[in-house]
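Here is a briefing on one protein chain. Please keep the sequence and the model open while reading.

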Amino acid sequence: MFSKKTKYGLLAMIALSRRYGSGPVLISELAEEENIPKKFLELILLSLKNASVLASRKGKGGGYYLAKTPEEITVGDIITILEGPLAPMPCVSVTAYEKCPECGDEGSCGIRLVMKDVRDAMADILDSTTLREVIDRSNAVVREKNQVLDFDI
């Protein structure tokens with residue numbers, strides 16, 4: 001399960017993606033629109049900026065904006081920046097591997113084999129889904145909902 005930090009980070013990045021090319025957005029504006037505590041959002045955006053997916057401008061007309069296009073940033077990028085490795089257990093992590101102390105034979109450990117499949121499936125989806133695709137999917141659902149006719153009598 002992902003933390004609130006990651007959920008808020010995804011919300012903020014999607015909101016900034018929707019405004020891509022429109023200039024910087026103030027933290028206070030983003031926090032209010034997405035219902036995210038402002039101080040918490042500041043920490044989240046700073047982490048994303050330090051990882052080079054966001055940039056900021058100070059002063060009048062300042063705020064945060066995407067440092068890359070929505071097509072270049074994946075959901076997996078954001079989750080990894082804010083949450084750390086996608087692996088459910090350290091023994092299946094690509095970037096933060098640790099051997100389990102209880103495991104006698106890692107190669108035949110059933111738990112490890114299943115958790116590796118989980119990690120691989122999550123990574124396949126999250127690392128190939130861009131912010132643009134998230135927005136497009138969301139917009140398609142909204143369009144579909146608006147076209148539904150309801151004939152209740």
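The points below cover the cores, a helix pair, an aromatic pair and selected residues.

This is a predicted model, in which local features need pLDDT of at least 70 and side-chain atom pairs count only at pLDDT 80 or more, while totals for chains, interfaces and linings use all residues. Residues are numbered from 1 along each chain as its sequence is written, and side-chain values use heavy atoms, with hydrogens and water left out.

**Nonpolar cores**

- The largest nonpolar core has 30 residues. A nonpolar core here is a set of buried Ala, Val, Leu, Ile, Met, Phe, Trp, Tyr and Cys residues joined through side-chain atoms within 4.5 Å. Buried means under 20% relative accessible area, exposed means over 50%, and partly exposed is in between (1.4 Å probe, protein chains only).
- Met13, Leu30, Leu41, Leu45, Leu48, Leu54 and Ile78 touch the most other members of the largest core.
- Two or more residues each come from helix 1 (4-18), helix 2 (27-34), helix 3 (38-50), strand 2 (63-66), helix 4 (75-83), helix 5 (110-126) and helix 6 (131-147). These elements are DSSP runs numbered from the N terminus: helices are H or I with at least four residues, strands are E with at least two.
- Helix 1 gives the most to this core, with seven residues.
- Another core, of six residues, lies apart from the largest one. Its members include Ala87, Cys91, Val92 and Cys100.
- Leu41 touches Ala12, Ile27, Leu30, Ala31 and Ile36, not counting residues up to four places away in sequence. Contact means heavy atoms within 4.5 Å.

**Helix 1 against helix 6**

- How do helix 1 and helix 6 pack, and at what angle? The angle is about 80°, and the axes are 10 Å apart. Axes are lines fitted to C-alpha atoms, for helices over the stretch in contact, and angles run from 0 to 180 degrees between N-to-C directions.
- Helix 1 is therefore roughly perpendicular to helix 6. Angles of 65 to 115 degrees count as roughly perpendicular, under 35 as roughly parallel, over 145 as roughly antiparallel and the rest as oblique.
- Helix 1 makes the contact through Met13, Ile14, Ser17 and Arg18. Helix 6 uses Leu131, Arg132, Val134, Ile135, Ser138 and Asn139.
- By class, this contact has five nonpolar, three polar and two charged residues. Ala, Val, Leu, Ile, Met, Phe, Trp, Tyr, Cys and Pro count as nonpolar, Asp, Glu, Lys and Arg as charged, and the others, Gly among them, as polar.
- Ser17 of helix 1 is buried at 1% relative accessibility.
- Leaving aside residues up to four places away in sequence, Ser17 touches Leu66, Pro70, Leu131, Arg132 and Ile135.
- Ser17 and Leu131 are 114 residues apart in sequence and 6.8 Å apart in space, C-alpha to C-alpha.

**Aromatic pair**

- The count comes to one aromatic pair. Rings of Phe, Tyr and Trp (its six-membered ring) pair if their centres lie within 6.5 Å; planes under 30 degrees apart count as stacked, over 60 as edge-to-face and the rest as tilted.
- Tyr8 and Phe40 form an edge-to-face pair, 5.7 Å centre to centre with 80° between the planes.
- The pair links distant parts of the chain, with Tyr8 in helix 1 and Phe40 in helix 3, 32 residues apart.
- Tyr8 is buried at 13% relative accessible area, whereas Phe40 is partly exposed at 29%.

**Loop residues**

- Asn35 lies in the loop between helix 2 and helix 3. Its phi is positive, about 55°, although Asn35 is not a glycine. Asn35 is exposed at 65% relative accessibility.
- Pro37 sits in the loop between helix 2 and helix 3 and is partly exposed at 42%.
- Ser52 is in the loop between helix 3 and strand 1 (54-57). Its phi is near 70°, a positive value in a residue other than glycine. Ser52 is partly exposed at 45%.
- Thr74 is in the loop between strand 2 and helix 4. Is Thr74 buried or exposed? Thr74 is buried, with a relative accessible area of 10%.
- Thr74 is in contact with Leu126, Asp127, Thr129 and Thr130, neighbours within four places in sequence left aside.

**Helix 5**

- Lys116 lies in helix 5 and is partly exposed at 31% relative accessibility.
- Lys116 and Ser93 are 23 residues apart in sequence and 8.1 Å apart in space, C-alpha to C-alpha.
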